[in-house]
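I opened a new notebook page for this chain.

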Amino acid sequence: VSKQVLGQVLRELQPLCTAEQQFIEKFFQLSQDATELQVLEVSVRTMSSPVPLVKEPTTQLLSEIFSCLEPELRGFLEVCSKVHPFSCLQVLVTLNDSIFEMLGSSSTLRSSFLNTVLGNMRFLAKSRFNKCIETLCKEIEEAKMPSKMKDRILPSVSLFEEFVNFSEEVFRTARQRGDLHEAHLRLASSVFSSINSLSSANLKVNTDMVMMENFHHIHCFLCQKKIHCLEDKKREAKQKYSEHMEKYVKYLGQPLEKLNHFFEGVKARVAQGVKEEEVSFQLAYSKQELRKVIEKYPGKEVKGALETLYRKIHKDLSPEENLLPVVWHTMEQEFIHQYQEFEDLIQRCYAGSGIAMDFTMEELLSYFNSITLST
């Protein structure tokens with residue numbers, strides 16, 4: 001509504017001010033110096049600071065005739081900011097577009113007085129916009145964790161998405177997007193910082209799981225929005241999501257924990273200089289000890305452990321993000337890698353012993369496949 005009202009006001013102001021300027025110049029035989037118009041134009045384009053009205057006759061008369069114009073426009077901006085916290089975006093876009101339209105018209109149709117007034121309003125709107133982004137960044141960074149993590153998507157992420165959705169709609173037809181690009185980058189950095197700060201939070205659920213889901217959520221959101229200035233942030237979100245998934249998979253533990261612990265010891269001995277063929281002569285890593293550990297993991301037990309693990313992952317993850325298949329596949333790849341490593345160490349350090357795992361690779365794959373199909 002504020003955008004429509006302001007746009008209508010500016011469309012009606014332009015011919016009024018231009019006509020008044022032309023009448024004054026003709027009636028009083030005044031002309032505006034071309035250099036002054038050029039200076040004003042550059043000032044309006046850069047908008048680095050409010051532009052003072054040049055004290056030449058035409059502008060002086062117009063500023064007296066329209067003395068209430070700038071205060072009224074300032075008052076309108078005040079009302080807009082009270083109605084909606086993001087209204088400054090709509091005001092900024094409308095002012096930008098109006099100024100560019102005027103600067104694109106022929107010099108005879110320009111009103112340097114109105115250009116200057118709108119330039120000052122644009123400067124004020126830009127200040128409000130910057131303040132809005134600064135406040136939102138602080139709100140995102142200081143957003144409190146919910147006491148119960150039923151909704152895994154953090155408040156800071158939701159705030160970021162709300163602003164991006166709103167701003168993209170407002171700037172959809174805008175001629176200038178530089179201010180918005182800068183704001184998007186600042187807000188994205190704040191929301192990433194907010195998620196990263198969870199690493200020191202005392203959550204009742206696994207922190208890496210929450211971070212994984214939130215970075216995944218942001219990555220999907222940015223893929224959908226296709227905002228050019230956030231391409232690097234989209235790639236960073238994907239990287240972070242993958243990193244925390246890896247950590248979460250490690251947190252889930254090892255279904256073959258005792259075997260894993262045994263072979264970690266074997267690798268440590270080899271790293272210390274023990275020859276591979278002599279590892280089995282060490283008491284703690286003898287063939288007999290290896291057989292004892294392998295006996296603890298018959299195929300039936302392994303499948304049962306995987307089923308328990310799947311139920312835990314299913315319970316942990318929020319259904320909205322649909323990450324269960326991805327995490328489970330990552331877990332499968334990790335498990336297969338472990339199995340292959342165990343078999344390799346048996347071949348190298350226990351060659352000719354006839355010792356083997358109680359289940360084959362084909363059986364292991366069938367365990368995962370049957371668990372996936374049964375859900």
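**Entry 1: surface.** I looked up the accessible surface of the chain, and it comes to about 20,200 Å². Carbon and sulfur atoms hold 52% of that surface. I note here that the model is predicted.

**Entry 2: overall build.** I went through the secondary structure next. I found 15 helices and zero strands. The chain has 375 residues, and 46% of them are buried.

**Entry 3: one glycine.** I picked Gly7, which is found in helix H1, residues 2-27. Is Gly7 buried or exposed? Its relative accessible area is 8%, so I wrote down "buried", as the cut-off is under 20%. I also checked Gly7 against Leu95. The two are 88 residues apart in sequence. From C-alpha to C-alpha they are 8.1 Å apart in space.

**Entry 4: empty space.** Rolling a probe the size of a water molecule over the atoms shows where empty space is left. How many cavities of 30 Å³ or more are there? I counted one. The largest cavity holds about 40 Å³ of space. Two elements each give two or more residues to its lining: helix H6 (112-141) and helix H8 (178-196).

I listed the lining residues of the largest cavity by number:
- Lys126, Phe129, Asn130 and Ile133 are among them.
- Asp179, Glu182, Ala183 and Arg186 also line the cavity.

Sorted by class, this lining has three nonpolar, one polar and four charged residues.

**Entry 5: cysteines.** A disulfide is a covalent bond between the sulfur atoms of two cysteines. I searched for disulfides and found zero. The cut-off I needed here is within 2.5 Å. Cys88 counts as buried, because its relative accessibility is 9%.

Cys223 is in no disulfide either. Its nearest cysteine sulfur belongs to Cys220, 6.3 Å away. Cys223 has 31% relative accessibility, so I marked Cys223 as partly exposed.

Note on methods. Residues are numbered from 1 along each chain as its sequence is written. This is a predicted model: local features need pLDDT of at least 70, side-chain atom pairs count only at pLDDT 80 or more; totals for chains, interfaces and linings use all residues. Side-chain values use heavy atoms; hydrogens and water are left out. Helices (H or I, at least four residues) and strands (E, at least two) are DSSP runs, numbered from the N terminus. Buried means under 20% relative accessible area, exposed over 50%, partly exposed in between (1.4 Å probe, protein chains only). Accessible areas come from the Shrake-Rupley method with a 1.4 Å probe; for residues, only the protein chains shown count as cover. On a 1 Å grid over the protein atoms alone, a cavity is a set of points where a 1.4 Å probe fits but cannot get out, and a pocket is an open set with protein on both sides within 12 Å along at least five of seven lines; lining residues have an atom within 4 Å of a point. Grid points are joined across faces, edges and corners, and a volume is the space filled by probe spheres set on the points. Ala, Val, Leu, Ile, Met, Phe, Trp, Tyr, Cys and Pro count as nonpolar, Asp, Glu, Lys and Arg as charged, and the others, Gly among them, as polar.
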